[in-house]
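Subject: Handing over the model

Hi,

Here is the structure I promised to pass on to you. Please have a look at it first, and then read on for my notes.

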Amino acid sequence: MSDSDDASDEDKETRMEKYHHFHKLVGQSKAMQQVYRRIKEVAATDIPVLIVGESGTGKEMVANAVHEMSQRQKRAFVAVNTGAIPRELVASELFGHLKGAFTGAIADKKGTFEEANEGTLFLDEIGTRIWKP
């Protein structure tokens, strides 16, 4: 490794120190400061939270920060990408099923609601699914 490589690593570390770190979130802009304040506010409550944003904007990281700052932090954090679940399996994934309930159900399975009991359930990409009966 050359001296210039060492210097560039030091520069990167120095630049990173300038950013505010908040539960794996990084940023110091006014918008991010507002996000941090909102996370603290909702983490102190016992209410459901709706986190909205485009795909890839860090909604799961925000949900995890809320969870880690809340009284639920010692309980499960369960993240489910609902957009990746085939339509016919959504109910089984969320609510569970018993062995033999359908072809391929070879064992009882807890649903994600039960897995997250008293913890946090994060339903990602819920708005991308076409919900038809």
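Leaving aside its neighbours within four places in sequence, which residues is Ser-92 in contact with? They are His-97, Phe-102 and Gly-111, where contact means heavy atoms within 4.5 Å. Ser-92 itself sits in helix 4 and, at 12% relative accessibility, counts as buried. For that word and its relatives, buried means under 20% relative accessible area, exposed over 50%, and partly exposed in between (1.4 Å probe, protein chains only).

Before the rest, a note on how to read all this. This is a predicted model, in which local features need pLDDT of at least 70 and side-chain atom pairs count only at pLDDT 80 or more, while totals for chains, interfaces and linings use all residues. Residues are numbered from 1 along each chain as its sequence is written, and side-chain values use heavy atoms, with hydrogens and water left out.

The overall picture

The protein chain has 5 helices and 6 strands. Both kinds of element are DSSP runs numbered from the N terminus: helices are H or I with at least four residues, strands E with at least two. Read from the N terminus on, the order is α-β-β-α-α-β-α-β-β-α-β. The chain has 133 residues, and 26% of them count as buried. Among contacts with a separation of 6 or more, 50% come from residues 24 or more positions apart. The accessible surface is about 9,900 Å², with 53% of it belonging to carbon and sulfur atoms; these areas come from the Shrake-Rupley method with a 1.4 Å probe, and for residues only the protein chains shown count as cover.

Helix 2 and Ala-43

Helix 2 covers residues 30-43, and its 14 residues should span 20 Å at 1.5 Å a residue; the end C-alpha atoms are 20 Å apart, which agrees. (The expected span is 1.5 Å times one less than the number of residues.) Which residues of helix 2 are buried? They are Tyr-36, Ile-39, Val-42 and Ala-43. These residues cover an arc of only 135° around the axis, so they lie on the same side of helix 2; the arc is that of the directions from the helix axis to the C-beta atoms.

Ala-43 has a relative accessibility of 6%. Beyond its neighbours within four places in sequence, Ala-43 is in contact with Val-66, Met-69 and Ser-70. Ala-43 and Gln-73 are 30 residues apart in sequence, with their C-alpha atoms 9.9 Å apart in space.

Ala-63 lies in helix 3 (residues 59-69) and is buried at 6% relative accessibility. With neighbours within four places set aside, Ala-63 is in contact with Ile-51, Phe-77 and Phe-122. Ala-63 and Leu-123 are 60 residues apart in sequence, and the C-alpha to C-alpha distance is 9.9 Å.

Phe-77 belongs to strand 3 (residues 77-81), where Val-78 and Val-80 form the covered face and Phe-77, Ala-79 and Asn-81 the uncovered one. Strand 3 runs parallel to strand 6 (residues 120-124), and 5 bridges join them; strands pair if DSSP finds at least two bridges between them. The bridge partner of Phe-77 in strand 6 is Thr-120.

The aromatic pair

A search of the whole structure finds 1 aromatic pair. Why does the pair of Phe-95 and Phe-113 count as stacked? Their ring centres are 5.2 Å apart and their planes are at 10°, so the pair is stacked. The rule is that rings of Phe, Tyr and Trp (its six-membered ring) pair if their centres lie within 6.5 Å, with planes under 30 degrees apart counted as stacked, over 60 as edge-to-face and the rest as tilted. Phe-95 is in helix 4 (residues 90-95) and Phe-113 in helix 5 (residues 112-115), 18 residues apart, and the pair links distant parts of the chain. Phe-95 is exposed, with a relative accessible area of 60%, whereas Phe-113 is partly exposed at 42%.

Two backbone angles to look at

Most residues other than glycine have a negative phi. Glu-118, in the loop between helix 5 and strand 6, has a positive phi of about 65°. Glu-125, in the segment after strand 6, has a positive phi near 55° and is buried, with a relative accessible area of 17%.

Best wishes

Methods: The expected span of a helix is 1.5 Å times one less than its number of residues.
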